[in-house]
Every structure is written in C-alpha cells, then in structure tokens.
Amino acid sequence: MKFYTFIFLFTFSFAFSQVKPIEFTEFTLNNGLHVILHEDNSTPIVAISVMYHVGSKNENPERTGMAHFFEHLLFEGSENISRGEFDDYIENSGGSNNAYTSNDKTYYHEVLPSNQLDLGLWLESERMLHAKVEPIGIETQREVVKEEKRQRVDNQPYGTMIGEMMKRAYIKHPYRWTVIGSMEHLNAATEKEFMDFYKTFYAPNNAVLSIAGDINIEETKLLVNKYFSNIPKSKHDIPRPNTIEPEKNREIRDTIFDNIQLDAIIHGYHIPAQGSKDFYAVDMLNKILSDGKSSRLHKELVEKSQKCVYAGAFTFNLEDPGLTIAFAMANSGENPEEIENIMNKEYNKLKSEFITDRELEKVRNQIESDFVNSNSRMDGIAESLANYYLFYKNTNLINEEINRYLAVTKEDIMNAAKKYYNKQNRVTLYYLPKK
Amino acid sequence: MKKFILILSFICLNTYSQDKQEKLGSTLEEIKSCLQFVEKKKVKKSNSRKYEYIKDFKTEGWVCIEKGINSYIKGFSFQTDWSSDIYLSKKINNEDLIKLSELIKNESYKKKRNYEYLELISKKINTISSDILIGKNQWEKLHGFRSKPPQAGKAPEIKIGDYQEFKLKNGLEVILVENHKKPVVSFYLVPDYSPFLENEKVGIKDMLSMMMGSGTKTKTKTEINEITDYIGATINYNGLDGLFASALKKHQKVLLELINDVIKNPVFSSEEFNKAKKQLLSGLESQKSNPGAISNNISNLLNYGKNHPYGELITEKTLNNINLNDVKNLYSKYFRPNISYLVIVGDINVDEAKEICDKYFKKWKKKKVVTYPLVECSPPKNNQLAFVHKEGAVQSTIKVTYPINLKPGSEDYIACKVMNSILGGGVFSGRLMQNLREDKAFTYGARSSIKSDKYVGDFTAYADVRNEVTDSSIVEFLYEIDRMNKELVTSKELNVIKNYMTGSFSRSLESPFRVAQLALNIKMNDLSKDYYKNYLKKLNSISVKNIYEVAKKYMKPDNCNIIVVGNKKIAKKLEKFDFNKKITFYNYIGDVINIKSKKINDGTTIEDIIEKNIEAQGGKNHMTKWNNVKLISNIEIQGAPMKINLEQGYKKPNLFYMSMKAKMIGEIQGMKFNGETGSTSGMQGEKELKGEDLNKRIEEFLLFPILSRNELEHTFKLIEIEPINGSDSYKVIRTNKIGEEKTMYFEISSGQLVKEIFEKDGMQNIIEYNNYTKFEELIFPQNIKMSITSPQGTQIVKSNLTEVIIDKGIEDSNFN
C-alpha cells in the first residue's frame, strides 16, 4: 500500500505545475460584512472590490432589471459625493473602475495606486451606506439603460440569444428573465420600490469586500473598520428565490428571425449548479467539444466540413442549476439542419465512446494552463476571492478548485453526457435572418 | 433665529452635505444659490463611459428649476424615512414633513416663486428643529468624517522590472524579462523591418499575416492546431507584426519546437492563399460602407502620400495583383534573425534562455535585408478640405489631421502626450470633449491623438457629428487647436492629466508583458536603458510652460488636412475651411473624383427625359403590347448563406405576383395581387393587403410604372445634372400622391434609369440599375444592386436577371 501512495505522489508532483498558493486573510465584521485581504507588494497598486449577493434572480417578476439598474444608479453619487463625481475621483487619482451584474451577483471594483486605498474604501463605503437613490438619478439612468439595451442587446447580432434561450429553458425559476430586464418594468417602478431594493440588498451582511495588492494587512484592517463597521446591517431578511425548476420531459424547439446575416443553431442543456461534481464533468465535456481549434465541434464544423464560421460551447456557471450552451454559426449557403445533425452526432459520440487518453490529457492541460494563467492580476484575484467565498463559502478554492477538475474521469464525462445531453433536457433555437 | 432655521432646514433637506451648506448665506441670496444648486444637479451630466447621456436641460429653463425643487422635496420625504434608521430615530415628525413637501409641490405648480415657499418650509420646520439638531450631532459623531474625501498617502515608488539582453551570432537580439511568480513562459518574435512600398500589390503583408501558421514542411494545419491545444498553449500569428506564443513551463520544449518549425519551415499553399484572399476581399467590401474606415484611408493617403508605405491603400485591384510567390518572397525576405527581436518573458533564467536560443535559433539563417529610402512627409502648406460623399449619411465623420515628426522617447515626447491629453486625450475632461460634447452637444465624443513613430507620425483630432453642425464643429476643432498654442493651460488641467498618466503607467506595470514591451521600445527606438525608470520623474516635472512650448511647435491650425466623410449636401458650407475655397472630393479608396453637379441649360424638360426613357425601354408600343411577362432572377444577400430565386409575374391589366424562395427553406417572401385584393406571405405567415397598405404598393404591381405616371399622380421635378459612375445623368425628384419623394437619375446618353434613392420604413434605400439588356422587344436592367441602410448597418442585395418569359401564359392561380 505504501508503495502505491508513493507512486501517486510522485506522478502528482510531476504532472502538475507548482504554483505558489494565493495567501489571504479573511474575517467578518459585526454587521456581517465579510472581508478578504490579499497582500502582494510587487506593483504599487491595489484592487478594491465589493460583491453584493444580488442579481436578476432576486427580482420581483414584475420588476425585472432592477439589479442591473442599481449597478448604474450606484454611480450617481452619495450623500457626500455629488452626481458624476464618483468617476472623477477615480480618474483624478489615476485609477480605473468598473462594475457588472449577473443573474446571481452585482460586482463593483476599482484599481488604484496603493497610496489611494483610503479613497477606494471611502467610495465603496459611501455606496454601501447612503448612495443617492433619487428621482433625478433614476431618470437619467433609465435613459442610459435603455441606450445600453439598444446597443448591447437589440442592435447586437445574436444579442437576444441568451434571453430567448433562458425564457424557454426556465418556466418557474427567475433565471427565466434577462439581467437587463424589462424597460416597462423599470418605467413602472416607484421611488419607494427603488429605495426598498437598495435597503434590502445593499447591506453589509449581503456583501463581500475584497482587497488585493500592495497593502499592509494590519493597517488595512483598521481602515476597513473605520469605513465599514458603522454601516448598519439590513433589518430585512434578504429574500432568496427557492424555486426549483421542474425536470424537463420534452425538447423545446423554436426559430427566431433576427437582424443577422448568418444562420445559427443553438442548443441549451440543463445542467447542475456550479460547484457540484457533475458540473465539473460537464465543464470538461464542453472543453472537449469546443476549447481550441482541435476541439471536436470546431474541427468537424469549421475545419473539416467548413459548414460553419464558428462553433463552440460554454457552461453557464450559476448558483442554481444552469445551462450549457452550444452555438454554431453557419457559413453562406449551408443548411442548418445538416449542421444540427453533425452536432447531435458529436453529442452522441460522447455517450457511446470514451474520450481518448490524449484528449483527456489535453483537456487537463488546458485547464491547468487556464488555472495558472488566471489570477495573474490584482483585480482578478480580488474578484475570485470574493466569488469563492460568496458562492462556495470556501475562499481557498482559489487554490484548490483545479483539483475538482483533475478528479474527473473518462467515465464521469461519459456519464455526464448520458445524463444531461438528452433531447428532452434541451432547448433548440434556430436564428435565421429577418426579411 | 430665522436664518438659523432656514439653514437647518437645508441641512435637513440636503442631509448634511457640506458643499450645499456653504452655499447658504441669507434670505434671497441663499435661495438663489439654492436654486442654482438644484439647477446644477440637473445640468451636470454624468461622465462615466457607462452612462454617457446628453440632455439639454438648459433649454427647459425655469420649468426645469421648478421640477428640480419638486423632485428635491419629494426625495426628501423618503430620504427622511431611510436616514431615520441611522440617526434621526423616530423623534422626527414625519407626517409634518410629508405634508410640507406636498404643500411645496402644490405651490410650485402654481409657479409662485422661490422665496415664498422656502419661507413656508422654515416655518414648518421650526417645530421640529431641535430634534433635527440632536440627530445631526449623533450623525456627526458616527459619520462626520465621511463628508470629505480622504487624502492620498505618500506616493509609492514605482519600480520597473529589470530586463536582460544578449545577441546571437546570426544577429537575433534577445530580451529577457524574468518573472517567476507563475510557471509560464512566453516568446514574442518580431522582425523590426523598415517600412517598404508594395506599389501595385498592396496587401502582401496582410496576406502573410493570415497565412502564417497554416502549415509547415512536416505538419498540416490540423496537426499544428492539435499540438497547440494539447499543451494548452496560446499562439498568435500576426505576420510581420510578430508571433506570440505562451505555455506552461513544462510544455516549453514542445512549444519551442512548434514555433521554431512554423518560423523556419512554413509552407504556403494555394488553398490557404485563396482562403486568405477571399477573407480580405470581403473585408474590403464592408469598408465601403464604413465611414471610419474610409476616413482612415483618406487620412493615411493625405498625411503620408501614396509614395510613402504608410499612405498605401489596399484595393480589390491591388489584392488581385498578388500571387502566392509574392507572399513566399515577403516571408523569406523579412523573416530574418538579423533584423528580429526575440522577447522572452516568464519563468526562465538567463542561462536557460541562452541554451534555448542556442538550440533553436542559432541555425536560423541570416540574410541582408535591404532598407529603402522613404519620402519626407510634411503637413499641407495651408488648410485643405477633403470630402468623401456617403450616400444618405446623417452624420459627418471629421478628422483634422497632419503628419508630425515625433519619435518615441524623443525630447518632446512626454510633453506632447500630456498636451494631447489636455486637448483631447484619454480623460473625459479633455477640452474637445468639454467643448463639442458637453457645451455644444454636437457629438457623443470628440478626441485627439498624437502618434509617435520612428519614421513619421501624425496628429489627429476627430469626432462624428450631426450633419448640420459639421461646419460649426470644424470651427471648434480649429479654435481649440489654435488655443493650445496661444494660451497657457491651467495648472489644474495639467495636474489632472499628470495624475491620470502616472496612474495608468503604474497600473500597466503589473503585467510582465508590459515590462517586456517597454524593454522592446528601448531597443527598437534606441532609447537610453533607464528611459522608463525616469519616465514618471520626467512626467511630473513637466510645467505649464513646457506644454506651451511643444504646442507652439506641434499644433498647426493652418496646416491641416480636414477630412469629412458625409453627405455631399453639406459640402458647400465647408468650402470656407479650404485655403483655396475649393473642396477636393475623393472616393473611398482615395481617387480624386468629380461629383460636381451642373445646371441644365440646353432647354431639356422633364417630359423630354421621360419620353427618352420610354424609348430606351423599348418604346410605348412594345411596352404595352404584351399580355403576360415573367421575370426570373437570382438574388444574393451579402453575408447571408442561402441562394435565393426571385420570380415576378405580370398580367394585363394589372395582375401581379412575386415569390422569393430559398433552397431548403422554401418561400421567404411572397406577394399577390389579382387586380382587386392582395396578400403577402412568407416566413411570418400570410397577411391580407388592404386599404392604405395596398394603395401604397399599387406602383410595385406594374411592369412599367412610368407609363402610368398620370393615373398614379406622380409629379416630376428636374433638378440638375450629376455624374453617376462617371456618366452624366439627370437628377429628377419624383413625388407620389401622398408626398413621398424619390430621387431618380436618368443617364443622359442612354436615357435609362440608373439609380434611385428613397426612404422607406425608416431605412434608406439606394438602388443601382446596370446592364440594360434586350429581351425580345423589351429592355430590362440585368443587374440590380440595392443597399438598405438602417441604424444596424447596411445590407447589400444584388439581383441578376436570368430569364424573361413573354406571353407564354401564367396560371391565374398565381395571382390569387
């Protein structure tokens, strides 16, 4: 037995690159704010971020788009920051900032010279404590969000794809509406509703503050305390959807006519939530299908038959069970049904034949390369740390998640294909040019 | 006392905002400033790229101020509620306050002015002022420190990672940036060639770029892809712009063997050659309708001239002149170690780097690379206006530009970059942005750039503006450029830019690739080894006077190429900007063309033109003699996959059908008219055509609508003579019953209709008719090209008439 262990250890250390683990300190303030600090003094910059556990899935079905709307609204200013000055502070200090909203979370971050750590904490605490939620800002941002929807969804070829997919894939679960939401809903929302949303979700006990970069841990703890410990926690319970999407028993097929020039075929399969064992197998399976020019879908559809200009698949990692989506964009004059047949053939092959040893090794190499190359910048590290704590309650996954991938076997991949890549478990969409 | 209460009331309304308190003095004055504050809140436009949005609040004037107070007070009522959680507890009489806000709301609707209702507030507030005071004190204790932004700490020292260098015998210069944080290595190989002319074969460089990595003597493209993926590597092939490859340390050997093979033993096949050419050609096609691309073409041409490599433009013609050997020759001429740099970044030390170079790059054969003398580029002697007409454009793409001689790292370099940032660089606060967007609302964004280059660079100020403000925008551009070398910039402007540039520079150093890029800059531009180490010091020492000095030298408001891509309707107004008051018109690939229209002075009337047109289509006799006609065409939609067939049928007196079918998909669109009722069909289902919809289409049901011009109540107006594709044509505006206009061009020599422009459903349609051909006694255009422009872009549809069947009978069922 001892001999066996030795071999295992030996191959392990040989097979996988040694990466210095990312060290971090974490603690929770009395008001519930979870704080994660990572010190790296190699460049005098610091990334400051706050991830709020609120996304489109927390919205009232009659008020979709609220979470994303707040991502805009909360740049409008606060009690101590006049309208428009939020960005001025960042620019004048030589920093950069941004934010995004997903189905599960809203994330704000800035990268500043490290002597401006105070400024970043001040800005984020203003946002959390008393951002301005008032008519003028609401009006302004309504227009901006409408413009964003026009640019990013309506005028973007295939921009409606995720929305069209999700609304067919989900009947009950709040993933059925899009993050950008409905402009009618936003128009109908009252000031009180906006204020309630803010008071409910923008609370320290619903957020993670993570800071990475050229900091001193002890000094930073004091500063965090100064800016954040007096922010009262939410008095409301934070509502979380507990809807379970019923299991599917038949395929949903539909055709969408859009302002596009090339046909597209899209498959969306229901998969388990992020972090589950099967999730990792599905993610590996997707890489076999579409990561790199030698991946199966790309090779068959783009290189060999030249029926497509693009073919790929990606896993939607969501807190509740999500989707994996395969997407093929046809070349001029190709028949979409023939393309779909090839796609189906590839899925079936995964169910009936094990992937080759070389393929498994390839995917592991790709995952290892992604893992090593990720987290090479401070803002990336701050985001990963917050994400692993918020959704997995295990911050150290930043160093360990790769092991979950490497534990996936050929059998696991075949089983995942058999379990999830079934017709009754999918939505199929054809995108065709509008006349 | 009264004053105190008033102030207090505003403290409360503003929830203790410092800057607002300071604005309150006494009575009327303080009210005015309060109103100004409200107005400022309204007017101040947010400036993040995420919510760039312009609304002209100013024009709303007083209405706006009243609304401002209104929403201000409304906001107050719920702010009270929420802030009470923190500091006012429940002591405050909310009811009173809400009543009060209602009162003020009503007052403002009656348009009573400021002082009266503010006085009302103060009276009401009186009763609860002491509660507020207590709350305020509590608040101050807990959160008072938040009212001012924190001061920055001591500026950190910026360290730039070190690099090492060595040279191989074959001339390859190696730059190494060690970074052992991650077990990753990257290699970037780039030939440092001096620019050369491609003459009648412009585009070889682009072809090479697309073909590198598509095969070697021992590996197919598929094999190259498989190896790349297997080791999880990233490889980008960019031709003469270099090759970048990166992988985990443990795959270093495989990666090096692969790129070594790609660099030394490439195979360029004719199959890949044709693929690459096809892609470049379709790229050119889309350039034609892209004003940004057109504007770049013309500015390169005018700044550098067609005898300088930077001024050469790729066209269909030059691409078609290229053959496979040209690509092979270009590769073997310029992929040489003696002009190349190999940049190595990552988990590797100098000994290992040398070992690798010995093994893989030592045997790479050197060969002398000829350099060619370059012509001098200089700004125009006076301002010149170049115009490219874009059919139906609602925006003008403006560039004010001229070549400059600014080498990277030269003495003026940093001051020039700062100066440009103040004028129109990265930050939103740039003067061009403030002037053209914030102040005048001419555009979504106005910026400028100053490009440094070892050979020749350029200065460019640019914006997309609304048609009607094109001339005003150019005035502002020239004004701002001129102002740079007339006035000193303020030290505030200078400091904002210094902070911004210091921050971006420091942040960029996080990446080891950036460190390598800086090292490569030093080598390629012969800078001193510590150039970037002193960069921030130099940046921070730049004074207002330095900026003035470089502006004097580099800002040339009287030596600009002013390039406008837009609608020729507005061209006339721009003559004044040209020194000779003469606009030069170009096409999209930079040929000077004549689009000037001429007056008609030979007495030709519109009736003459129509008559000639009828003759040209076969004459009235033949045009009325048929009983039924069927037209069959092939349709090609640019970028769309399917092949489409179009069938159109006409039967006396006025029956019509058309059907568009695609292989495999079936009918895409159809239309029928049996003389009385009509319908449309297609992928969105069948729909009856009636009333207005039907009336609008009556013209489409006719084979020769020009013959029915009187019944259709069409009126024609002759405008002028304009060249269409180089051939003089009459421009005629036709108006229908309901006032819709269509511009038609009739070629003078042939009498044929050659072009139509009209708007339909908010989209602009341009139809060009070509190759008029005789089918029995009737004459039809064989090729028709439609360009339909919507906000989403331009779609091009081409049709090719393949068959005309006259009087062979058409089943009536087709029309019903």
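Student: Is the crossing of H16(B) and H19(B) left-handed or right-handed?
Tutor: This is a predicted model, in which local features need pLDDT of at least 70, side-chain atom pairs count only at pLDDT 80 or more, and totals for chains, interfaces and linings use all residues. Residues are numbered from 1 along each chain as its sequence is written, while chains are lettered from A and ligands numbered from 1 in the order in which they are written. A crossing is left-handed if the near helix is turned anticlockwise from the far one by less than a right angle, and right-handed if clockwise. The crossing of H16(B) and H19(B) is right-handed.

Student: Which residues make the contact between H16(B) and H19(B)?
Tutor: Two residues are in contact if their C-beta atoms, placed from the backbone, lie within 7 Å. On H16(B) the contact is made by Val418(B), Ser421(B) and Ile422(B), and on H19(B) by Glu493(B), Ile497(B) and Met501(B).

Student: At roughly what angle do the axes of helix H16 and helix H19 of chain B cross?
Tutor: Helices (H or I, at least four residues) and strands (E, at least two) are DSSP runs, numbered from the N terminus. Axes are lines fitted to C-alpha atoms, for helices over the stretch in contact, and angles run from 0 to 180 degrees between N-to-C directions. Angles under 35 degrees count as roughly parallel, over 145 as roughly antiparallel, 65 to 115 as roughly perpendicular and the rest as oblique, and H16(B) and H19(B) are therefore roughly perpendicular to each other. The axes of H16 (residues 413-424) and H19 (residues 491-508) of chain B come within 10 Å and cross at roughly 115 degrees.

Student: How is H16(B) oriented relative to H17(B), roughly parallel or roughly antiparallel?
Tutor: H16(B) packs with helix H17 (residues 431-439) of chain B at about 15 degrees, their axes being 3 Å apart. That makes the arrangement of H16(B) and H17(B) roughly parallel.

Student: Which residues of H17(B) meet H16(B)?
Tutor: From H16(B) come Ile422(B), Leu423(B) and Gly424(B). Their partners in H17(B) are Arg431(B), Leu432(B) and Met433(B).

Student: What percentage of the residues in chain B is buried?
Tutor: A residue is buried if 20 or more other C-beta atoms, placed from the backbone, lie within 10 Å of its own, exposed if 12 or fewer, and partly exposed in between. Of the 816 residues in chain B, the buried share is 34%.

Student: How far apart are the C-alpha centres of the domains of chain A?
Tutor: Chain A is divided into domain 1 (25-228) and domain 2 (252-433), with bounds from an automatic or database domain assignment. The C-alpha centres of these domains lie apart by 28 Å.
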